[in-house]
Amino acid sequence: MSNVNVKSVIFDGKLELENCGGNVYAHKSFNKIYGYCQYKGVLYEWEFSTFAGYRGNFASSPDTPCVQAIVPSYVPEDPIYNKGFDLHDWLYSVCGEFYNETMDKYERFSRNDVDAFAKGIMYLSPTVKKTWKNVPFKWLRSFGRWLRCDIMDTSVGLFAGGKKHWGNDSYSSRCYAKMTMREVKR
């Protein structure tokens, strides 16, 4: 069970990338996503920033049409979707560590919390919001979005759920990003 529920997400900056070979990209400028989340029953304002030099492979999903239809590796017109995967990969590389400004100390999300955080961002991304957009019932559209996010989360668990990914900074990028949270309301 997770302690995280993402309430909102906003992208700020420009997603300027340089291909480093294959599906690995380096950020050429500063950008961030931020918003509100509930963590252990408390409302927080959160921010995830990446700086020039941060490297990642976004969703790194297999390049087959059926997989790309559900979990695209990269969506040029949706920086929230892309940054959600940056955040997920970065949190895995630092074993869930983030800076809690309110407590003035570092804390750690569990793996379930990290996965739930990324899943919440995906749910709010424009790409996933388009899921079943023509279905007339709001509850059914919402179900379609959560189903897609569950499939994405399960896929990540299958490919990145092993012990070798937690704490792995394979692109030497953990120093080019940071995540902070600040308590808003208890």
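Predicted model: local features only at pLDDT ≥ 70, side-chain atom pairs only at ≥ 80, totals over all residues.
Some ground rules come with it: local features need pLDDT of at least 70 and side-chain atom pairs count only at pLDDT 80 or more, while totals for chains, interfaces and linings use all residues. Residues are numbered from 1 along each chain as its sequence is written, and side-chain values use heavy atoms, with hydrogens and water left out.

Met179 is in contact (heavy atoms within 4.5 Å) with Trp46, Glu47, Phe48, Leu87, Trp90, Leu91, Phe98, Tyr99, Phe109 and Phe117, leaving aside its neighbours within four places in sequence.

**Helix H3**

H3 has 14 residues and reaches 20 Å from its first C-alpha to its last, close to the expected 20 Å; that expected span is 1.5 Å times one less than the number of residues. Of those 14 residues, 11 are buried, so H3 is largely enclosed by the rest of the structure. Among the buried ones are Asp113, Asp115, Phe117 and Ile121.

**Two buried polar side chains**

Lys32 has its place in strand E5 and is buried, with a relative accessible area of 16%. Its side chain makes a polar contact with the side chain of Glu47 at 3.5 Å. For a polar contact, a pair of N or O atoms lies within 3.5 Å; within protein, one must be able to donate a hydrogen and the other to accept it, and residues adjacent in sequence count only if both atoms are side-chain atoms.

Asn100, in strand E8 (residues 97-100), is buried at 0% relative accessible area. The side chains of Asn100 and Glu107 are joined by a polar contact of 2.5 Å.

**Salt bridges**

The structure holds 6 salt bridges, each a side-chain nitrogen of Lys or Arg within 4 Å of a carboxyl oxygen of Asp or Glu.

| Pair | N to O distance |
|---|---|
| Glu45 and Arg182 | 2.1 Å |
| Glu101 and Arg182 | 3.2 Å |
| Arg174 and Asp169 | 3.6 Å |

Glu45, Glu101 and Arg182 are linked in a network of salt bridges. What about sequence distance? Glu45 in strand E6 and Arg182 in strand E10 are 137 residues apart. Glu101 lies in the loop between E8 and strand E9 (105-108), so its pairing with Arg182 ties together parts that are 81 residues apart in sequence.

How accessible are they? Glu45 counts as partly exposed at 24% relative accessibility, as does Arg182 at 38%, and Glu101 is partly exposed with a relative accessible area of 34%. Over in the other pair, Arg174 is partly exposed at 35% and Asp169 is partly exposed at 21%.

How values were computed
Helix = DSSP H or I, 4+ residues; strand = E, 2+ residues; numbered from the N terminus. Buried < 20%, exposed > 50% of the residue type's maximum accessible area, 1.4 Å probe, protein only.
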